[in-house]
Amino acid sequence: MNFTMSLVATQSLGLTLTGDGVFSRNSRRNGEKSELFLVNRKRSLTRAALVQAKPREDGAVSTPSPSSKPPVIQYRRADLADDLQAEARALARAVDASVYSPELIAKKHGSQPLKALRRSLEILTALGGFALKLGIDQRQGKLEQNMKKRARELRRIFTRLGPTFVKLGQGLSTRPDLCPPDYLEELAELQDALPTFPDAEAFACIERELDLSLESIFSSVSPEPIAAASLGQVYKAHLRYSGQNVAVKVQRPGIEEAIGLDFYLIRGVGKLINKYADFITTDVLALIDEFACRVYQELNYVQEAQNARRFKKLYADKADVLVPDIFWDYTSRRVLTMEWVEGTKLNEQVAIESQGLKVLDLVNTGIQCSLRQLLEYGFFHADPHPGNLLATPDGKLAFLDFGMMSETPEEARYAIIGHVVHLVNRDYEAMARDYYALKFLSPDVDVTPIVPALRDFFDDALTYTVSELNFKTLVDGLGAVFYQYPFNVPPYYALILRSLTVLEGLALYADPNFKVLAASYPYFAKRLLTDPNPYLRDALIELLFKDGKFRWNRLENLLQQGSKDRDFSAKEALQPVLKLLLDPNGEELRLLVIKEAVRVSEAIALGTVVDTYNSMPVFLRSLVFSGSGNGPLTMSAAELESTLELRDQVSRIWSLLQSSESFDPAILQPIVQVLQQPEARRLGGRVAGGVGQRLAARFLQQLLRATTPSSSPAP
């Protein structure tokens, strides 16, 4: 739900109760102080209106006289046990929360044919006219030419049709396998903003849901909503017992009934599409049910509160991430009370920088947090638009609105990282096979025709390196491939793309050259170097070895990038590699490592000889090295340059490990212990033997060249 908790009501308004629950607002004269007053309610009328008060100079909030003071319910967060008990009470209040069931909504709305018919006519009139225009465009060959125009029209139609279709349009904006790129871009602009509903209904809902009078909970409430969205609206209030600022979200009356009817009708259309539209390969009915289930979860505010608590536990351990607390005693299935967060929307660059903050720093915080959400714990915020991301005055990034969350399956988390490795290697066959693990394709689909499409796109897009690729370009290109072939993109992956695209879009306001992949690469590098998961260890080997050769430049780059991640540990980077190397099933890898270890050892030895030679006075060089003034080694210039470059690369890699903040010579102790294992001793012996043979051969070659008499010129 798109709302901003940073707004403060600045207009002085009065709110009075006139008659049977009818509220009227009266403006006050300029310069006249606004003061808090309470409407004395009759016992038979369980409703109260509180008007936002101007704080006194001493910071206290004015209160009514003791004689009219209502009972106060104290809310104390003494310890975890109290918090859990309060949460249990909130769950009890939401015990009758609706859960999406196609059978139940069919039974309910199928028995109301006239109501269903009226809504059907409303929907068909709007969408039928749109479909007719598409048919005319296709007949006239203007489908591509008018696509942007039609996409804008569809966005406006969804807005007019109400909350269900606003949510549906937002959902479609994350589905590149269902919509062309122009529609994805336009539907992403759909906003939740809808007209507010009467304050009287909102205040009555709070009292009914919490079974408390409004004045017993709050000492003041903003006289009008600070924001309204498709499912509800938000007020700013002060808790009576402490004066603490809170945000109170109240659900729109009748929203569950309206959404249930719409999904009942939409499912009917989905059945027809599945039955007759053979050109659509996706199971439309399953998509509708999955989406409806998510929307119904958003209707249960206790579920949203639990999402917020879980999100805070997983990700607010970082000092630069803020997640508001939940006030469980004042939360139910239709009312959510949470900590008020003062902040600025992340797309308001001027306002943010006027506070001495940098948008790029906040976006980087968002990217790192998003990567942790997507690829470590798998529980992620599925709606990170600018209204749900605030920059706080102290430089933290605050996440709001936890109604729409999603989860990345564990297998998919590792497959995504492997997919990035295959992209770096430009291994398009492996990329295509990744779509099986990611559940994009059923096992019976042949990926052979997909490989050329991936190659054509990425060979054109990857002009430089992956880190320099614009993420939106990547999403658009993949979207075109997904749309052309029988892909069924899981919701979690579509939401991942949307999340990172939003963050990159925010960053581009501040820096047109910002690349989200470049900002993400340190995280991927750290995970590849330190994660002991077998899938990621295999991906690391795949990245470092090619055609039987070790790519030291790749390792150096991984260490350079990984060290930029503040959680990178040199100790963790060494351990998984050693364990993999000494694994009983690691003989193939050991052969590659032995070969490379011999090369490195030789390079170090020969490099030492060259350095010694270069440090000698000129007159000593020819005396020590057999009268040769051309150098200590009879090697070609290219071979010598390659050998010294290998030596220097290994030296730089060691320096990178040493420069890690967590580097401690003591990290070598576990390595020594590992090397004492029988397999390690055998490996060391094989390396030493290889080095000895290589150096002996090199020495013999040097000796033969030195003792061979040079031919004399003909007289």
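I began with burial: of the protein's 715 residues, 51% count as buried. Buried means under 20% relative accessible area, exposed over 50%, and partly exposed in between, with a 1.4 Å probe and protein chains only. I noted that this is a predicted model, where local features need pLDDT of at least 70, side-chain atom pairs count only at pLDDT 80 or more, and totals for chains, interfaces and linings use all residues. Residues are numbered from 1 along each chain as its sequence is written, and side-chain values use heavy atoms, with hydrogens and water left out.

**Overall counts**

I looked up the surface next. The accessible surface comes to about 35200 Å², computed by the Shrake-Rupley method with a 1.4 Å probe; for residues, only the protein chains shown count as cover. Carbon and sulfur atoms hold 55% of that surface.

I then listed the secondary structure: 27 helices and 15 strands. These are DSSP runs numbered from the N terminus, helices being H or I of at least four residues and strands E of at least two.

For contacts (heavy atoms within 4.5 Å), I checked the separation in sequence. Among contacts with a separation of 6 or more, 71% join residues 24 or more positions apart.

**Helices α13 and α19**

I took α13 (residues 359-377) and α19 (residues 516-530) as a pair. Their axes are 10 Å apart and the packing angle is about 45 degrees. Axes are lines fitted to C-alpha atoms, for helices over the stretch in contact, and angles run from 0 to 180 degrees between N-to-C directions. α13 and α19 are therefore oblique to each other. The classes are roughly parallel under 35 degrees, roughly antiparallel over 145, roughly perpendicular from 65 to 115, and oblique for the rest.

The crossing of α13 and α19 is right-handed. Right-handed means that the near helix is turned clockwise from the far one by less than a right angle, left-handed anticlockwise.

From α13 the contact uses N364, I367, Q368, L371, R372, L375 and E376. From α19 come V516, A519, S520, Y523, F524, K526 and R527. I sorted the residues of this contact into seven nonpolar, three polar and four charged. Ala, Val, Leu, Ile, Met, Phe, Trp, Tyr, Cys and Pro count as nonpolar, Asp, Glu, Lys and Arg as charged, and the others, Gly among them, as polar.

**Helices α3 and α9**

I turned to α3 (residues 113-139) and α9 (residues 255-276), which pack at about 70 degrees with axes 10 Å apart. That makes α3 roughly perpendicular to α9. On the α3 side I found K115, A116, R119, S120 and I123, which meet E257, L261, D262, Y264 and L265 in α9. The residues of this contact divide into five nonpolar, one polar and four charged.

**Single residues**

Q561 sits in helix α21 (residues 552-562). Its relative accessibility is 15%, so Q561 counts as buried. Leaving aside neighbours within four places in sequence, Q561 is in contact with Y521, P522 and A525.

D96 lies in the loop between α1 (80-93) and α2 (102-110). D96 is partly exposed, at 48% relative accessible area.

D211, not a glycine, has a positive phi of about 60 degrees. D211 is in the loop between α7 (199-210) and α8 (214-217), and counts as exposed at 69% relative accessibility.

K439 is other than glycine too, with a positive phi near 65 degrees. K439 belongs to the loop between α15 (428-437) and α16 (450-461). At 55% relative accessibility, K439 counts as exposed.
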